[in-house]
Amino acid sequence: MIIDGHADISGYLIRQKQQGRLSALEDDLLADLQAGGITGVVNAVYLSEDELADPKKSALAQIKEIKHQVELSQRMELVTSAHQFEAAYKRDLIGLFLSLEGAEPIEQSSDLDLYYDQGVRFVGLTWNRANRYSGGCDTPDIGLSDSGRELLDRMSRKNMILDLSHLSDVATDQALAYYRGTVIASHSNARSYADHVRNMTDDQLIKLANRGGVVGLNAMSKFVSQNHATKEDMRRQLDYMINLCGEDHVAFGFDFCDRLFPEADSKSFDVLDGHEQAFDFLDTLRLPDRIKDKLAWQNWLRIYETLNDKPSA
Ligand SMILES: [Zn+2]
């Protein structure tokens, strides 16, 4: 069993649909997920520049599309709690959670109810850019706004999970101090090993662990190492974060992009060749099986146990 805490699947499905490909989940991604032993994945609703023109419409379109294709596939199931995830696993289905990567679709904080009702249980307040709720990692001096704090209050009343990946340093510190619910960094690495603003400082990682949170190891090369990243660098990132945070606070948030954004002109690449290599990567870790199980799924499951439980029908 392996859970991937971050994948931008729904935007990919929309882009493929625009080209007339109506079952890209089944056609392009499912075999890869299954080959790699992936049993759970958090889909991030990430909006491109174009989609930001009408963020609510775009986000709801992504959610509708992924739900539709999940249903078509008959091999995945939308889940909103640990209980539902485990029930899906027992039926051999990949559990799919929904997350917002950037809160722009929440046009006013009361909109949160709309997304919650759609099954969204994770929110990252920003992508790299600043918005009405918070600064992002491209705006290092902008922290949480009053609207951001109001949104966090609403999220904690619903036991939703706050994702710190992409927040500015100031906002990360403020959110760690302010948010009363569960905090994670779904797809970030250690800045001490790869000096990039998207990665977490040692201080942030320690605070996250002290709050009971989990950080997901990101497989994008630019976040793994500043020099042409290798699988060995990924193992070192993992070792570094385990040594710093403890084995209960590290998991996977691979953020594979090569397949999902083939058009992107990026110098970064996926250090693993997609989900299909996830199991092999886990296998090569020089760690006892007890710790591998924590990284692969137990730590994420502990986080999901903090969500409101709604046994599946
Ligand atoms: Zn991201």
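At what angle do the axes of helix H1 (residues 9–18) and helix H3 (residues 55–73) cross? The close-ups below, all taken from a predicted model, start there.

**View 1. Helix H1 crossing helix H3.** The two axes come within 9 Å and cross at roughly 85°. That makes H1 roughly perpendicular to H3, since angles of 65 to 115 degrees fall in that class. On the H1 side, the residues that meet H3 are Ile 9, Ser 10, Gly 11, Leu 13, Ile 14 and Lys 17. Their partners in H3 are Ala 61, Gln 62, Ile 63, Glu 65, Ile 66 and Gln 69. Sort the residues of this contact by type and you get 6 nonpolar, 4 polar and 2 charged.

View 2. The buried residues of H1 are Ile 9, Ser 10, Gly 11, Tyr 12, Leu 13 and Gln 16. They pack against strand S1 (2–7), helix H2 (24–35), S2 and H3. Just past the end of H1, look for Gly 20, with a positive phi of about 85°.

View 3. Just after H4 comes Asp 92, whose phi is positive at about 65°.

**View 4. Asn 218 in its loop.** Asn 218 is found between strand S8 (214–217) and helix H9 (221–224). Which residues is Asn 218 in contact with, leaving aside its neighbours within four places in sequence? The list runs His 187, Ser 188, Asn 189, Phe 223, Gly 253, Phe 254 and Asp 255. Take Phe 254: 36 residues apart from Asn 218 along the chain, yet the C-alpha atoms of the two are separated by 4.4 Å.

**View 5. Val 250 in the largest nonpolar core.** This core has 93 residues, and Leu 162, Val 215 and Val 250 touch the most other members. Not counting residues up to four places away in sequence, Val 250 touches Val 214, Val 215, Leu 217, Leu 238, Met 241, Ile 242, Cys 245, Leu 295 and Asn 299. For background, nonpolar side chains tend to be buried together in soluble globular proteins.

Notes:
Residues numbered from 1 in each chain as written. Predicted model: local features only at pLDDT ≥ 70, side-chain atom pairs only at ≥ 80, totals over all residues. Core = buried A, V, L, I, M, F, W, Y, C linked by C-beta atoms within 7 Å. Buried ≥ 20, exposed ≤ 12 C-beta atoms within 10 Å, placed from the backbone. Contact = placed C-beta atoms within 7 Å. Helix = DSSP H or I, 4+ residues; strand = E, 2+ residues; numbered from the N terminus. Axes fitted to C-alpha atoms, helices over the stretch in contact; angles between N-to-C directions. Parallel < 35°, antiparallel > 145°, perpendicular 65-115°, else oblique. Nonpolar A, V, L, I, M, F, W, Y, C, P; charged D, E, K, R; others polar.
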